[in-house]
Amino acid sequence: MSSATWSIPNAGVLLTETLNFSIGAAFFVGSVFRAILTYSSEDKRPGSDHIKGTGLNQALPEALPSVVDIKKVIPKHCFQSSVPLSMYHAAKDFVQVLAAFLALSYLETVVESVWLKAVLFLVYWFVQGTFLFALFVLGHDCGHGSFSNSGLLNDIVGTVTHGVLMVPYYQWKLSHRNHHKFTCNFDRDEVFYPVRKSQQAHSKTLPGFAFGFGWFIYLAVGYNPRRVSHFNPIDPMFLGHFVGCLFSLGSLGAMLVLCYQFYAAYGLAALTVYYLVPLFVMASYIVVVTFLHHSELNIPWYADAEWDFVKGQLSTIDRDYGIVHRVIHSIGTHQMHHMFTKIPHYHLEEATKHFRKAFPQLVRSCDEAILPSFARMFSMYEKHSIIDDEVKQMVYK
């Protein structure tokens with residue numbers, strides 16, 4: 001790619017964007033080191049009384065409001081999607097991805113220092129991985145029907161956005177719907193749930209769930225013991241949705257063709273730098289974010305007999321992702337997303353504000369830095385995620 005010459009009409013904007021995310025990359029790297037240093041030994045990990053946040057040192061109340069009670073306190077317009085606004089976010093996300101790609105293509109031609117190029121690549125991987133994750137979240141909203149009121153438009157946009165990311169949109173939409181249907185039910189949820197001793201796998205959990213590799217492993221084989229292959233359109237989970245699944249697989253095929261053409265023109269190194277590494281960063285985002293949505297001290301997991309919808313959805317943690325929070329469509333603002341999946345991402349913050357005002361005793365949020373939280377909770381998951389067959393409720397402590 002370094003031999004190519006690009007004409008960039010608004011290079012100043014792209015350079016400013018790169019500078020802004022360079023700051024974010026610095027915070028990201030600092031968070032990595034803090035996670036390693038702070039949680040490398042058991043005695044340095046804070047207990048439940050020392051985790052910054054709201055509601056993390058107490059259980060949910062026995063008496064909970066109904067879905068209708070909670071819905072009443074949220075303004076009606078928060079449930080309404082806008083096609084122009086949703087399409088704006090879709091266009092913006094694609095433009096961001098293209099802008100980052102073109103910016104690296106241009107800067108690679110003018111930066112001669114090997115060390116500066118290495119820094120440039122690191123910044124690009126973080127920036128582009130973040131932009132790809134934003135695309136993923138947008139496709140996720142399509143799967144929930146919060147992108148628009150048109151099922152066809154949702155599926156078209158979702159298939160395209162997830163196809164770019166090598167994610168079979170329709171299949172994941174269905175399995176993710178199952179996660180929302182049984183959130184924090186360790187007998188029926190989809191991923192990162194505690195496993196009963198009689199069902200545990202013999203293999204050891206890979207460090208950090210193998211980060212981005214773990215995401216694609218999950219797509220291929222599912223999460224033990226409830227296996228599902230998202231690349232198999234005739235898997236029982238997808239019964240009755242064969243055509244939609246085929247279209248999603250077709251989008252992956254189209255993306256593979258584009259990748260091959262890029263490889264043929266520029267080589268494997270360019271494909272790795274420009275696409276494969278950012279794709280891994282995006283997939284790592286998915287692993288970290290989805291694990292932290294429902295994994296925290298004193299946040300309960302229930303057996304099927306003890307679970308109900310409201311308890312499950314409220315057993316969710318809001319987290320702020322700092323400089324990238326808005327870029328990734330506020331997906332860390334998660335309690336109200338789980339209560340009402342039809343709320344578009346651009347109304348989540350407002351809906352959450354009204355929920356917190358009306359039900360402060362139900363708020364669960366963690367203010368700790370993201371990667372230290374992930375390191376801390378993964379360590380707890382490794383030690384406590386295998387539970388006795390008779391367990392009815394489980395919490396990390």
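Q: Before we look around this predicted model, what does "buried" mean here?
A: A residue's relative accessible area decides the label, and over 50% makes it exposed. The partly exposed residues sit in between. To be called buried, a residue has to come in under 20%.

Q: Is Phe209 buried or exposed?
A: Its relative accessible area is 10%. The cut-off is under 20%, so Phe209 is buried.

Q: Of the contacts between residues at least 6 apart in sequence, what percentage join residues at least 24 apart?
A: Contacts here are counted between residues at least 6 apart in the chain. The share of those that join residues at least 24 apart is 77%.

Q: How many aromatic pairs does the structure hold, and what kind is the one between Phe182 and Trp307?
A: The count of aromatic pairs is 30. In the pair of Phe182 and Trp307, the rings are 5.8 Å apart, centre to centre, with 50 degrees between the planes. Edge-to-face needs over 60 degrees and stacked needs under 30, so this pair is tilted.

Q: How many residues apart are Phe182 and Trp307?
A: Phe182 is in the loop between helix H6 and strand E2, while Trp307 is in the loop between strand E5 and helix H10. Both count as buried, Phe182 at 9% relative accessibility and Trp307 at 16%.

Q: What kind of aromatic pair do Phe209 and Tyr381 form?
A: Their ring centres are 5.1 Å apart, and the planes make an angle of 65 degrees. Planes over 60 degrees apart get their own label, so the pair is edge-to-face.

Q: Which helix holds Tyr381, the partner of Phe209?
A: Phe209 is in the loop between E2 and helix H7, and the pair links parts of the chain 172 residues apart. Tyr381 counts as buried at 3% relative accessibility. The helix that holds Tyr381 is H13, residues 370-384.

Q: Which residue lies over the face of Tyr193?
A: Tyr193 belongs to an aromatic cluster whose members include Phe209 and Tyr381. Over the face of Tyr193, at 3.9 Å from the ring centre, lies Arg226.

Q: And which ring has Lys71 over its face?
A: Lys71 is 5.1 Å from the ring centre. The ring belongs to Phe79.

Notes
Residues numbered from 1 in each chain as written. Predicted model: local features only at pLDDT ≥ 70, side-chain atom pairs only at ≥ 80, totals over all residues. Heavy atoms only, no water. Contact = heavy atoms within 4.5 Å. Phe/Tyr/Trp six-rings, centres within 6.5 Å; stacked < 30°, edge-to-face > 60°. Helix = DSSP H or I, 4+ residues; strand = E, 2+ residues; numbered from the N terminus. Buried < 20%, exposed > 50% of the residue type's maximum accessible area, 1.4 Å probe, protein only. Lys NZ or Arg CZ within 6 Å of the ring centre and 35° of its normal.
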